[in-house]
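I opened this notebook to record what I looked up in the structure shown below. The entries run from the overall fold to single residues.

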Amino acid sequence: MVGIAVGLSQAHADTNDERSNHGTETFDGVRVTRYELTEASSQLIQADSAVSGGSTGVTDISDRHSVVLVDDDGVSRHESWSFTGRTAEGQQVSGEWEYSLTGVGSTVVDDPDWLAEAKAAAA
């Protein structure tokens, strides 16, 4: 089962899934735009799983969902996906994966004392 989950997570990272804009919301105190996998892309992924012979061990993906939350700077603050399917042996499998980037702030680094002198010497 772990091999199946790893294979599908890698396949997920390598795909150019089309996601549709589902408006804005707040995540971790930041305004984000919600993108979800389109039904057409989900159906293509399901069809591809049947045609590919199940290189991940899953020969039939019956359901697939994906959500990405992107802030105004283009940073993906949250991403999740899930699937259900069957192996070649007919075993029902499912999985989900999620990550979040939270607590994003800013960092201020003071210029070192020698920087002004170095800039003046270079000019």
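Which pattern does the protein follow when read along the sequence? I worked from a predicted model, and there I read the pattern as α-β-β-α-β-β-β-α. My tally of elements gave three helices and five strands.

Entry on burial and surface. I looked up how the 123 residues of the protein are covered, and 29% of them count as buried. For the accessible surface I noted about 8,100 Å², with 49% of this area belonging to carbon and sulfur atoms.

Entry on contacts. I took the contacts between residues at least 6 apart in sequence and found that 45% of them join residues at least 24 apart.

Entry on strands β4 and β5. I recorded that β4 (residues 76-87) and β5 (residues 92-100) run antiparallel and are joined by nine bridges. Within this pairing, H78 stands opposite S100 of β5. The hairpin formed by β4 and β5 has four residues between the strands, and in this hairpin I found G90 with a positive phi near 85°.

Entry on D28. Where does D28 lie? I placed D28 in the loop between β1 (19-27) and β2 (30-37). I then looked up its backbone and noted a positive phi of about 55°, although D28 is not a glycine. I kept this entry because most residues other than glycine have a negative phi.

Note on methods: Residues are numbered from 1 along each chain as its sequence is written. This is a predicted model: local features need pLDDT of at least 70, side-chain atom pairs count only at pLDDT 80 or more; totals for chains, interfaces and linings use all residues. Side-chain values use heavy atoms; hydrogens and water are left out. Helices (H or I, at least four residues) and strands (E, at least two) are DSSP runs, numbered from the N terminus. Two strands pair if DSSP finds at least two bridges between them. Buried means under 20% relative accessible area, exposed over 50%, partly exposed in between (1.4 Å probe, protein chains only). Contact means heavy atoms within 4.5 Å. Accessible areas come from the Shrake-Rupley method with a 1.4 Å probe; for residues, only the protein chains shown count as cover.
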